[in-house]
Amino acid sequence: MRTYYFDTKDGVPVRDRIGLEFASAAAAITHSKQMASKIRRENPSGDVDRHVVVVDESGKEIHREAIYPA
């Protein structure tokens, strides 16, 4: 299992300092899609530049999920 971090960014990043463990990058990416959907449901309008960014243990960004797709 590897640890992945889920930052949110919309100009100013909000860093995830704890992270979550997943068996694969694909599973972490699926989680980011679920996070974006939950944020969208709780706050139906928002900045189109806001994203959930998946970062692996080495600090490399592996995926960027739009919360409010254009």
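1. Is Ser32 buried or exposed? Ser32 is buried, with a relative accessible area of 0%. The model is a predicted one, and the values below are computed from it. Ser32 has its place in helix α1. Leaving aside residues up to four places away in sequence, Ser32 touches Phe6, Val52, Val54, His63 and Glu65. Several of these residues come up again in the points that follow.

2. The nonpolar core comes next. The largest one is made up of 10 residues: Tyr4, Phe6, Phe22, Ala28, Ala36, Ile39, Val52, Val54, Ile67 and Tyr68. At least two residues of this core are supplied by each of β1, α1 and β4. Helix α1 gives the largest share, 3 residues. In soluble globular proteins, nonpolar side chains tend to be buried together. Among the members of this core are Phe6, Val52 and Val54, and Ser32 touches these residues.

3. Ile39 is one of the core residues. Which residues does Ile39 touch, not counting those up to four places away in sequence? They are Arg50, Val52, Ile67 and Tyr68. Val52, Ile67 and Tyr68 belong to the core as well.

4. On the aromatic side, a search of the whole structure finds 2 aromatic pairs. In one of them, the rings of Phe6 and Phe22 have centres 5.9 Å apart and planes at 75°, so the pair is edge-to-face. Phe6 lies in strand β1 (residues 2–9) and Phe22 in strand β3 (residues 20–22), so the pair ties together parts 16 residues apart in sequence. Phe6 is buried, at a relative accessible area of 6%, and Phe22 is buried too, at 16%. Tyr4, Phe6 and Phe22 are linked by ring pairs into a cluster. Tyr4, Phe6 and Phe22 are also listed in the nonpolar core.

5. Strands β4 and β5 deserve a separate point. How do strand β4 (residues 51–55) and β5 run? They run antiparallel, and 5 bridges join them. The two strands form a hairpin with 5 residues between them. In the turn, Gly59 has a positive phi of about 95°. Across the pairing, Val52 stands opposite Glu65 in β5. Both Val52 and Glu65 are touched by Ser32.

6. How many salt bridges does a search of the whole structure find? There are 5, and this note describes some of them. Glu65 forms a salt bridge with Lys33, with the closest N and O atoms 3.1 Å apart. This pair links distant parts of the chain, 32 residues apart: Glu65 is in strand β5 (residues 61–66) and Lys33 in helix α1 (residues 25–42). Glu65 counts as buried, at 17% relative accessibility, whereas Lys33 is partly exposed, with a relative accessible area of 41%. The cut-off matters for Glu65: the residue counts as buried because its value of 17% falls under 20%.

7. Another salt bridge joins Glu61 and Arg64, where the closest N and O atoms are 3.0 Å apart. Glu61 counts as partly exposed at 35% relative accessibility. Arg64 is partly exposed too, with a relative accessible area of 40%.

8. The last point concerns Asp7, placed in strand β1. Which side chain meets that of Asp7 in a salt bridge? It is the side chain of Arg15, at 3.1 Å from N to O. The contact between these two side chains is also listed as a polar contact, at 3.1 Å. Asp7 is buried, with a relative accessible area of 4%, while Arg15 is partly exposed, with 43%. A polar atom of the Asp7 side chain also lies 2.8 Å from the backbone nitrogen of Asp16. Not counting residues up to four places away in sequence, Asp7 touches Val14, Arg15, Asp16, His51, Val52, Val53 and Val55.

How values were computed
Residues numbered from 1 in each chain as written. Predicted model: local features only at pLDDT ≥ 70, side-chain atom pairs only at ≥ 80, totals over all residues. Heavy atoms only, no water. Salt bridge = Lys/Arg side-chain N within 4 Å of Asp/Glu carboxyl O. Buried < 20%, exposed > 50% of the residue type's maximum accessible area, 1.4 Å probe, protein only. Helix = DSSP H or I, 4+ residues; strand = E, 2+ residues; numbered from the N terminus. Pairing = 2+ DSSP bridges. Contact = heavy atoms within 4.5 Å. Phe/Tyr/Trp six-rings, centres within 6.5 Å; stacked < 30°, edge-to-face > 60°. Polar contact = N/O pair within 3.5 Å; in protein donor to acceptor, adjacent residues only side chain to side chain. Core = buried A, V, L, I, M, F, W, Y, C linked by side-chain atoms within 4.5 Å.
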